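This report goes through one protein model, from the whole chain down to single residues. Please keep the structure in view while reading.

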Amino acid sequence: MSQVWKIYLLAVISFLVGTSEFIIAGILDRVAADLQVSVSAAGQLITVFSIAYAFGTPFLIAFTSRMERRKLLLYSLAIFAVANGIAAVLSGFEFLILSRIILALSAGVFVVTSLTVVSVLAPPEKQGSAIATVVMGFSAALIVGVPLGRVIASVYDWKMIFGGIGVLGLLSMLLIAFFIPKMKGEEPIPLRNQLKLFKEPRITAALIVTFFWIGGYSIAYTYISPFLLEVTGMSEQGVSIGLFAFGIASLIGSKLGGFSTDRWGAPRTLIGGMSLHIVALLLLAAAGQSAALMFPVLMLWAFSAWSSGPTQQYNLISMAPGATGIMLSLNSSVLQLGMAAGAGLGGIVVEQGSLHAVSWIGAVGVAGAVIITTIAYRRSVRSRSNSSEVNSVTAEKQVLEA
């Protein structure tokens with residue numbers, strides 16, 4: 001199997017991992033009704049997942065850093081399958097919370113490890129596109145997994161979704177065992193050294209951008225199914241079609257984000273994509289009660305939001321190329337913290353206010369990310385300009401002294 005197909009294999013398996021994370025948003029009302037909890041309470045299943053992912057992943061990545069990469073992928077998928085089995089077999093809100101925590105930990109290890117593997121498999125000039133391909137697997141979960149899960153939950157039991165994902169997770173282990181080559185791990189970096197990376201202003205700024213970007217996205221996306229049902233007044237079939245349209249656009253946005261990063265650079269891609277993201281969320285609030293307008297707005301939102309994913313991954317890798325795994329781990333943790341904060345804040349908005357408000361509040365969060373990115377980019381340009389001037393003056397002095 002060629003290196004390209006190995007990258008696509010990891011992208012396909014990432015589809016399963018992405019589906020296990022995103023599916024709750026697609027069936028939130030069904031889960032709430034079955035477990036007899038409120039929609040806002042069910043939404044905190046996303047918060048629990050994200051917090052476990054955020055705080056657990058750095059420790060697990062540091063602990064397993066020396067482990068051979070293929071073996072780590074296999075171990076994480078085995079635990080992933082067990083977690084899905086818990087959700088499928090055991091009843092009760094408490095067991096579902098337990099399942100989400102275990103899922104988050106296994107997914108975090110798999111995601112960071114797979115992104116590290118593809119960054120090695122791909123040539124240097126194609127790393128952005130390779131990362132985008134794996135991120136495309138997560139987008140495919142939105143395209144196929146989430147709307148398909150919605151249909152299954154409408155016809156059968158939503159627990160069947162997790163049972164099926166668990167079985168496919170076991171099959172994925174066989175594919176990885178046969179086709180992904182062995183790769184050495186990295187030297188372990190103590191947690192205190194990981195935290196030292198936050199002292200680098202560029203890295204801190206980039207991670208804050210991740211937090212606000214995904215936080216603004218999560219505020220609205222966590223409650224998208226109830227929003228489409230109650231605010232827009234869509235039917236069950238309409239919601240499934242809407243989620244399908246959302247997924248297609250996210251796939252296009254993810255792939256174009258990787259292409260744009262390779263061609264025009266990360267800062268321009270981030271600023272352009274997130275600016276469009278803000279516009280889409282504001283349009284979502286304005287067109288919320290029109291089913292006809294909602295479909296193109298959903299696609300614009302997904303396209304713009306997911307164009308930033310691979311760009312941020314590549315941006316952070318380029319800042320610390322010697323610590324790829326740690327940088328991806330930190331970014332994934334901050335991303336999940338943003339998801340948790342967005343889901344939590346969205347729950348408060350839904351409980352105390354209305355579903356209609358989640359989109360424009362999300363736009364405020366993304367606007368914060370645009371402002372920080374713009375400031376950081378201008379400082380970077382100014383720093384390079386000053387460095388160039390200093391080097392020029394030094395060179396002139398050396399010539400005169402000669």
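Among contacts in the protein between residues at least 6 apart in sequence, what percentage join residues at least 24 apart? The figure is 87%. The model behind this value, and behind the values below, is predicted.

## Overall make-up

The protein has 16 helices and zero strands. Its radius of gyration is 21 Å, close to the 21 Å that the globule rule gives for 402 residues, so the protein is as compact as a globular protein of that length.

Along the principal axes, the C-alpha atoms fill a box of roughly 85 × 50 × 35 Å. Buried residues make up 55% of the 402 in the protein.

## Helices α9 and α13

Helix α9 covers residues 201-221 and helix α13 covers residues 291-306. The two pack at an angle of about 155°, and their axes are 11 Å apart. Angles over 145 degrees count as roughly antiparallel, so α9 is roughly antiparallel to α13. The crossing of α9 past α13 is left-handed.

Which residues meet where these helices pack? From α9 come Trp213, Tyr217, Ala220 and Tyr221, and from α13 come Trp301, Ala305 and Trp306. By type, the residues of this contact are seven nonpolar, no polar and no charged.

## Serine 333

Serine 333 lies in helix α15, which spans residues 324-352. Is serine 333 buried or exposed? The relative accessible area of serine 333 is 5%. Buried means under 20%, so serine 333 is buried.

What does serine 333 touch, leaving aside its neighbours within four places in sequence? It is in contact with Tyr53, Ala54, Thr57 and Pro58.

## Leucine 174

Leucine 174 belongs to helix α7, made up of residues 159-179. With a relative accessible area of 49%, leucine 174 is partly exposed. The reason is the cut-off: exposed means over 50%, buried means under 20%, and partly exposed lies in between.

Leucine 174 can also be placed relative to another leucine. Leucine 74 is 100 residues away from leucine 174 along the chain, and the C-alpha atoms of the two are separated by 8.6 Å.

How values were computed: Residues numbered from 1 in each chain as written. Predicted model: local features only at pLDDT ≥ 70, side-chain atom pairs only at ≥ 80, totals over all residues. Heavy atoms only, no water. Axes fitted to C-alpha atoms, helices over the stretch in contact; angles between N-to-C directions. Helix = DSSP H or I, 4+ residues; strand = E, 2+ residues; numbered from the N terminus. Parallel < 35°, antiparallel > 145°, perpendicular 65-115°, else oblique. Left-handed = near helix turned anticlockwise from the far one by under 90°. Contact = heavy atoms within 4.5 Å. Nonpolar A, V, L, I, M, F, W, Y, C, P; charged D, E, K, R; others polar. Buried < 20%, exposed > 50% of the residue type's maximum accessible area, 1.4 Å probe, protein only. Rg over C-alpha atoms; globule rule 2.2 N^0.38 Å.
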